[in-house]
Amino acid sequence: QDRFTFLFCEFVKTLSTLLNKCPIVLFIDDLQWGCNATVSLLSSLMKDEGLTNWLIIAAYRLCDDNNFGISLIPIISEMKEKGRVDVTCVQIGEMTVDDVND
């Protein structure tokens, strides 16, 4: 797992260098189904000071039956304290039948 995390971080650094200051966007959907390896990878990406010009967009639902948000919160808090990442949370409520039909 450590090898994959290292290679993925190196891959993102290489893309950043090749694209010469073009931003890289990583979109992860349904993060509530993530596992410890996902948390570890995101943590490594946020902590790697060699990664620049990139943005992570993560979408997840707050569910009572998982603890993903709980395991990610300390990592995000640590990165915010160090000034390494900016975090913006957008909460969207449940959709109604009328919302879906529009």
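The stops run from the whole chain to individual side chains.

**Before selecting anything**

This is a predicted model, in which local features need pLDDT of at least 70, side-chain atom pairs count only at pLDDT 80 or more, and totals for chains, interfaces and linings use all residues. Residues are numbered from 1 along each chain as its sequence is written, and side-chain values use heavy atoms, with hydrogens and water left out.

**Stop 1: the whole chain, coloured by confidence**

Colour the protein chain by pLDDT, the predictor's confidence in each residue, from 0 to 100. The mean is 77, and 84% of the residues reach 70 or more. Helix H1 (residues 2-18) has the highest mean pLDDT among the elements, 86, whereas helix H3 (residues 68-81) has the lowest, 68. Where pLDDT is low, the predicted coordinates should not be read in detail.

**Stop 2: the cartoon**

Switch to a cartoon view. The chain has 4 helices and 2 strands, assigned as DSSP runs numbered from the N terminus (helices: H or I, at least four residues; strands: E, at least two). Followed from the N terminus, the order of elements is α-β-α-β-α-α.

Of the contacts (heavy atoms within 4.5 Å) between residues at least 6 apart in sequence, 80% join residues at least 24 apart. Buried residues make up 22% of the 102 residues; buried means under 20% relative accessible area, exposed over 50%, and partly exposed in between (1.4 Å probe, protein chains only). The chain exposes about 8000 Å², 56% of it supplied by carbon and sulfur atoms; such areas come from the Shrake-Rupley method with a 1.4 Å probe, and for residues only the protein chains shown count as cover.

**Stop 3: Glu10, Lys13 and Asp48**

Which residues are linked here in a network of salt bridges? They are Glu10, Lys13 and Asp48. A salt bridge is a side-chain nitrogen of Lys or Arg within 4 Å of a carboxyl oxygen of Asp or Glu, and the model has 2 by this rule.

Begin with Glu10 and Lys13, whose closest N and O atoms are 3.2 Å apart. Both residues lie in helix H1, 3 residues apart, about one turn of the helix. Glu10 is partly exposed at 29% relative accessibility, and Lys13 is partly exposed at 24%.

Asp48 is buried, with a relative accessible area of 16%.

**Stop 4: Ser16**

Move along helix H1 to Ser16. Is Ser16 buried or exposed? Ser16 is buried, at 10% relative accessibility. Apart from neighbours within four places in sequence, Ser16 is in contact with Lys21, Ile24, Thr52 and Asn53.

**Stop 5: Val25**

Finally, select Val25 in strand S1. Val25 is exposed, with a relative accessible area of 52%.
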